[in-house]
Amino acid sequence: ASEPPKKKKKKKKHDLSQVSSVGMRFDTDFDVAKFNMFMSTLLQAKAADIYRSKGVLAFAGQGDTRFVFQGVHENINFGPSSVPFKPDEKRQSTLVFIGRGLNREELQAGLNECLVKES
């Protein structure tokens, strides 16, 4: 008795139209509370549209500690990096968002509000 041919599993097709990435770099430290509030609000509001978010961050008042985060939709992991900023290294924050219908100007404006204002 011969067995019937096995059906191939169909690969799930993803609609990749309007999917893009937005990367940004900041030379000013972030305010921890403002950044956390912005990201939690953003990821709740756009959970279905932001697929991935990643970053290396410099926060005011945190010494030479470099922070890293990575998120999948609204779930985010965040903590200190094992590699601190070096004394002669420029403190920069870099963020990347991957998703559908991302608005660079909107993201930039929101993140700019989280930067420590120089007095």
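A: From the N terminus on, the order of elements in the protein chain is β-α-β-β-β-β-α. That gives 2 helices and 5 strands (DSSP runs numbered from the N terminus: helices are H or I with at least four residues, strands are E with at least two). The model is predicted, so local features need pLDDT of at least 70 and side-chain atom pairs pLDDT 80 or more, while totals for chains, interfaces and linings use all residues. Residues are numbered from 1 along each chain as its sequence is written, and side-chain values use heavy atoms, without hydrogens and water.

Buried means under 20% relative accessible area, exposed over 50%, and partly exposed in between, with a 1.4 Å probe and protein chains only. In soluble globular proteins, nonpolar side chains tend to be buried together.

Take Phe35. Beyond its neighbours within four places in sequence, Phe35 is in contact (heavy atoms within 4.5 Å) with Phe30, Leu57, Phe59, Phe69, Leu95, Leu111 and Cys114.

Phe59 is also a contact of Asp29. Asp29 lies in the loop between strand 1 (19-26) and helix 1 (32-45). Asp29 counts as buried because its relative accessible area is 18%. Its side chain forms a polar contact of 3.2 Å with that of Arg91. Such a contact is a pair of N or O atoms within 3.5 Å; within protein, one must be able to donate a hydrogen and the other to accept it, and residues adjacent in sequence count only if both atoms are side-chain atoms. Other contacts of Asp29 include Ala58, Leu115 and Val116.

For contrast, look at Asn77 in strand 4 (75-80). Asn77 counts as exposed because its relative accessibility is 55%. Sequence neighbours within four places aside, Asn77 is in contact with Val68, Phe69 and Gln70.

Last, the whole chain. Of its 119 residues, 28% count as buried. Among contacts between residues at least 6 apart in sequence, 69% join residues at least 24 apart.
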